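Open the structure in your viewer and keep the selection panel at hand. The stops below say what to select and what is there.

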Amino acid sequence: MGLDKTVASAAEAVADIPEGASLAVGGFGLCGIPGTLIDALWQRGVGGLRVVSNNCGVDDWGLGLLLAAGQISRMTSSYVGENKEFARQYLSGELEVELVPQGTLAERLRAGGSGIPAFYTPAGTGTQVGEGGLPWRYAADGSVAVASPAKETREFDGRPYLLEHGITTDFALVRATIGDRHGNLVFRSSARNFNPLAAMAGRITVAEVDHLVEPGELDPDEVHLPGIFVQRVVRVTPGDPAAERRIERRTVRQEGGA
């Protein structure tokens with residue numbers, strides 16, 4: 001691959017993601033999600049996806065589109081409370097779910113992307129996160145078909161810590177506000193969230209960007225994620241409905257209210 005990592009379209013960028021692939025997907029709620037790439041994957045209809053992402057979108061947007069279409073078989077997430085279809089699939093045994101403390105999930109992605117196979121953390125000690133038994137998948141009759149295993153525990157300075165494994169995935173999908181042709185990325189404010197970490201964890205990382213610039217236009221001090229972690233860059237088409245920035249819960253002041 002040359003230094004120019006741009007591809008012509010989102011469809012081309014995800015064309016080789018196969019059935020059963022593992023995906024790290026950036027975003028937090030609906031903030032900073034790679035909506036154009038998700039839509040292209042939804043249009044392809046590829047299934048059996050094992051997704052690592054903070055959450056699974058909402059019922060009709062983001063990763064929720066893939067979920068409703070039956071394209072996701074497993075989720076590794078820290079929060080799943082905004083998606084009724086997610087709850088239905090999980091409780092009926094259609095979806096396997098590994099719930100991970102949010103900070104632990106972030107560090108597992110970062111560690112995987114940094115070549116660190118595992119690390120110790122105090123998060124989850126004394127709970128089912130460490131002791132095991134969390135339902136990963138239910139059976140159709142409501143019993144637990146697959147439960148989380150117990151984690152290795154070790155004491156440091158008299159305090160217990162759990163061994164957590166780094167995460168790497170076949171592909172990663174992320175969104176940035178600015179990217180250059182070499183894959184260097186700049187994220188906007190809170191949209192940075194899990195995007196750099198997901199990008200690090202993917203063996204092949206695809207970035208959708210709002211603004212594509214030429215190499216050298218970005219000041220090195222402005223770059224949030226260096227291009228070494230990115231293999232493909234696609235510019236979001238202005239006005240593309242799939243790239244819409246939605247708000248999960250819009251809170252506004254009532255007219256005339258105090």
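Select arginine 74 and tryptophan 136: the arginine lies over the face of the tryptophan, 4.8 Å from the ring centre. This is a predicted model, so colour it by pLDDT, the predictor's confidence in each residue. The mean for the protein is 93, and 97% of its residues reach 70 or more.

With that colouring on, select helix 4, residues 84-91, which has the lowest mean pLDDT among the elements, at 93. Then go to strand 5, residues 118-121, where the mean is the highest, at 98.

Strand 8 runs antiparallel to strand 9 and is joined to it by four bridges. Threonine 153 has leucine 162 in strand 9 as its bridge partner. Two residues lie between the strands of this hairpin, and aspartate 157 takes a positive phi near 55° there.

Now show the aromatic side chains. The whole structure holds three aromatic pairs. One of them joins phenylalanine 156 and tyrosine 161, edge-to-face, with 5.4 Å centre to centre and 85° between the planes.

Finally, select Tyr120 along with Phe156 and Tyr161: they form one aromatic cluster.

Terms used. Residues are numbered from 1 along each chain as its sequence is written. This is a predicted model: local features need pLDDT of at least 70, side-chain atom pairs count only at pLDDT 80 or more; totals for chains, interfaces and linings use all residues. Side-chain values use heavy atoms; hydrogens and water are left out. pLDDT is the predictor's confidence in each residue, from 0 to 100. Two strands pair if DSSP finds at least two bridges between them. Rings of Phe, Tyr and Trp (its six-membered ring) pair if their centres lie within 6.5 Å; planes under 30 degrees apart count as stacked, over 60 as edge-to-face and the rest as tilted. A charge sits over a ring if NZ of Lys or CZ of Arg is within 6 Å of the ring centre and within 35 degrees of the ring normal.
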